[in-house]
Amino acid sequence: MRASLRAKFERLLESIVLILLGSLAALVVVAVLFRKAGASIVWYDEVASVLLAWLTYYCASLAALKRAHIGFPKLVLAAPLRLRRLLYAAREIIVIGFFAIVAWAGWQVLMVLEGTYLVSLPWVPTQLTQSVIPIGAVLFIVAELLSFTDVLRAEAAAAEEHRP
């Protein structure tokens, strides 16, 4: 059950990342073509920066799910098994705690931005563009929790190998 949930979550994140990446690439190409033709798109810079921010948050969640973000795996693996488990637990508490704070702060930012709109596209609410902060943080927490079970399974297998 959990494996299928993890796989579905991974496919969802991959789909979102591909859509964002394709949209950003297409926007950059179209903007370059328009600029070469002497008719720059006025909203390009603002939308491209929003897409890049969204891509960053969603990619970070995908990296967390795959345990591919920055870490010190060789250092942790060199530790004795009991210390390793403590390090994994401490890491999870710190990372999840940090992203819980980011989600809360992101929500506060959305409340402050109520009633504001993009400069170049005045019909687009700034809350929409900045909603990626709390959403991305929650997705990162979900990814951490789903991938932590993989870490626990790997640790249990490692402990079984070291039993006399």
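The legends below describe close-up views of a predicted model.

Local features are described where pLDDT is at least 70, and side-chain atom pairs count at pLDDT 80 or more, while totals for chains, interfaces and linings use all residues. Residues are numbered from 1 along each chain as its sequence is written, and side-chain values use heavy atoms, with hydrogens and water left out.

View 1. Helix H2 covers residues 44–65, which is 22 residues. Helices here are DSSP runs of H or I with at least four residues, numbered from the N terminus. From its first C-alpha to its last, H2 reaches 31 Å, close to the 32 Å expected at 1.5 Å a residue. The expected span is 1.5 Å times one less than the number of residues in the helix. Arg-67 follows H2 and sits in the loop between H2 and helix H3 (73–78). Although Arg-67 is not a glycine, its phi is positive, at about 55°. Arg-67 is partly exposed, with a relative accessible area of 25%. Throughout these legends, buried means under 20% relative accessible area, exposed means over 50%, and partly exposed lies in between (1.4 Å probe, protein chains only).

View 2. Leu-83, Leu-86 and Leu-87 make a nonpolar surface patch of about 260 Å². Patch residues have over 30% relative accessible area and no salt bridge; nonpolar side chains (Val, Leu, Ile, Met, Phe, Trp, Tyr) are joined within 5 Å, and like charges within 9 Å. A salt bridge is a side-chain nitrogen of Lys or Arg within 4 Å of a carboxyl oxygen of Asp or Glu. The areas come from the Shrake-Rupley method with a 1.4 Å probe, and for residues only the protein chains shown count as cover. Leu-87 belongs to helix H4 (residues 81–112) and is partly exposed, at 35% relative accessible area. In an α-helix there are 3.6 residues a turn, so residues three or four places apart point the same way.

View 3. The structure holds two aromatic pairs. Rings of Phe, Tyr and Trp (its six-membered ring) pair if their centres lie within 6.5 Å; planes under 30 degrees apart count as stacked, over 60 as edge-to-face and the rest as tilted. The rings of Phe-98 and Phe-99 have centres 5.1 Å apart and planes at 85°, so this pair is edge-to-face. Phe-99 also pairs with Phe-140, and this pair is stacked, with 3.9 Å centre to centre and 15° between the planes. Phe-98 is partly exposed at 48% relative accessible area, whereas Phe-99 is buried at 17% and Phe-140 is buried at 8%. Ring pairs link Phe-98, Phe-99 and Phe-140 into a cluster. The C-alpha atoms of Phe-140 and Val-95 are 9.2 Å apart, although 45 residues separate them along the chain.

View 4. Arg-84 is in helix H4 and is buried, with a relative accessible area of 9%. A polar atom of the Arg-84 side chain lies 3.4 Å from the backbone oxygen of Ala-79. Thr-149 is in helix H6 and is buried at 13% relative accessibility. The Thr-149 side chain reaches the backbone oxygen of Leu-146 at 2.9 Å. A polar contact is a pair of N or O atoms within 3.5 Å; within protein, one must be able to donate a hydrogen and the other to accept it, and residues adjacent in sequence count only if both atoms are side-chain atoms.

Definitions and conventions: Helix = DSSP H or I, 4+ residues; strand = E, 2+ residues; numbered from the N terminus.
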